[in-house]
Amino acid sequence: MKREETTKNRHFLADKRWFMPITIAGFIAGTILISSFIKTADYSILCSLAKTRSITVEEYSASPVQLQAIIHYATSSIVPQQNFKEISVTFDVLKKRSPCNFLVFGLGYDSLMWTSLNPNGNTIFLEEDPKWVQSVLKDAPILHARAVKYHTELKEADDLLIHYRSEPSCYPSKAYLRGNEKCRLALTGFPDEFYDTEWDLIMIDAPRGYFPEAPGRMAAIFSAAVMARNRKGPGVTHVFLHDVNRRVEKVFAEEFLCRKYLVNSEGRLWHFEIPPASNTSSDDSAGYC
């Protein structure tokens, strides 16, 4: 290969590495502009009707985390776990629902992005590795991340399905999370805000699930379904599950998140809109779906 061709190929690969971070920075900048436009329009309408609201210039400004995120992704070649199209699925929902309560299983290179795309909202990350939490928070202390402990292993996945079908505390009509030691799929021992908050969006991109002794995402998927079904507020719970190309993620999604609630799929990401159980018929014999 000629030297000119080699150089050209290197430039092309470098450009590809930089495409994703720059695109994410554009996402965040777009969120700021959209948010400002909506607030400005709202202010204008209200002012024409009555002088009942006082809005300061600061409300139109980017938040510190958004500015930090723009700088971070504009100057970094590190690529997030999800690709552009997968990220866009969640971004489209955040544009409509933010500010909201956003729960993310996992802490990674995309965490600063998710926080910045939910300005003035409550975005929390749950991570299995305490050392990784410390490392990430050292560079991005503005993130709200918690180290948590899982009590399952990927190799137990099939046994856990059998267990749930015979354990009443796992049944749709009786399932709960905090202190539910009988149901092995219920996430217990987590921070209080995990249980006390009604989550509008739940992203499942962790824990690890690619070797037998890894925690797997069985309990995270089950618990997301329980929280969505127990929702008291209006609307549905949006659940995003990544890595559905893997057997366990796919099987547990179809068992607990339900194909009938699958509204979008892109690459390795599935997006579910799960209604509260109060809006559906409850029949334990039919399972969660």
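Predicted model: local features only at pLDDT ≥ 70, side-chain atom pairs only at ≥ 80, totals over all residues.
## Overall composition

The protein chain contains 9 helices and 7 strands. Of its 289 residues, 47% count as buried. The chain exposes about 14,900 Å², and carbon and sulfur atoms supply 55% of that area.

Among contacts with a separation of 6 or more, 68% are made by residues 24 or more positions apart.

## The sheet

The 7 strands of an open sheet follow the order β3-β2-β1-β4-β5-β7-β6, and their pairing is mixed. Its edge strands are β3 (145–147) and β6 (262–266), each of which pairs on one side only. On average, neighbouring strands of this sheet are turned by 15° against each other, direction ignored.

Helix α3 (residues 84–97) packs on the sheet and touches β1, β4, β5 (237–242), β6 and β7 (269–274). The direction of α3 makes about 165° with that of β5.

## Strand β1 and its partners

Strand β2 (residues 122–127) runs parallel to β1 and is joined to it by 5 bridges. From β1 the chain passes through helix α4 (residues 111–116) to β2, and this β-α-β crossover is right-handed.

Strand β4 (residues 201–204) also runs parallel to β1, with 4 bridges between them. Individual residues show how β1 is placed. Phe105 stands opposite Leu126 in β2, and its bridge partner in β4 is Ile204. Val104 stands opposite Phe125 in β2. In a regular strand, side chains alternate between the two faces of the sheet.

Helix α8 (residues 218–229) lies across β1, β4, β5 and β7, and runs at about 170° to β4. The helix has 12 residues and reaches 17 Å from its first C-alpha to its last, close to the 16 Å expected at 1.5 Å a residue. Because 12 of the 12 residues of α8 are buried, the helix is largely enclosed by the rest of the structure. The buried residues include Met218, Ile221, Phe222, Val226 and Met227, as well as Arg229 at residue 229.

Ser223 belongs to helix α8. Its relative accessibility is 0%, and Ser223 therefore counts as buried, the cut-off for burial being under 20%. Apart from neighbours within four places in sequence, Ser223 is in contact with Leu177, Leu185, Ala186 and Leu187.

## Trp132 in helix α5

Trp132 lies in helix α5, which covers residues 130–139. With a relative accessibility of 28%, Trp132 counts as partly exposed, since that class lies between the 20% limit for buried and the 50% limit for exposed residues.

Not counting residues up to four places away in sequence, Trp132 touches Leu107, Gly108, Tyr109 and Glu127. Glu127, another residue touched by Trp132, falls within the range of strand β2 (residues 122–127).

Definitions and conventions
Residues numbered from 1 in each chain as written. Heavy atoms only, no water. Pairing = 2+ DSSP bridges. Helix = DSSP H or I, 4+ residues; strand = E, 2+ residues; numbered from the N terminus. Right-handed = clockwise from strand over helix to strand, strands pointing away. Axes fitted to C-alpha atoms, helices over the stretch in contact; angles between N-to-C directions. Contact = heavy atoms within 4.5 Å. Expected span 1.5 Å × (residues − 1). Buried < 20%, exposed > 50% of the residue type's maximum accessible area, 1.4 Å probe, protein only. Areas by Shrake-Rupley, 256 points an atom, 1.4 Å probe, with all protein chains shown as cover.
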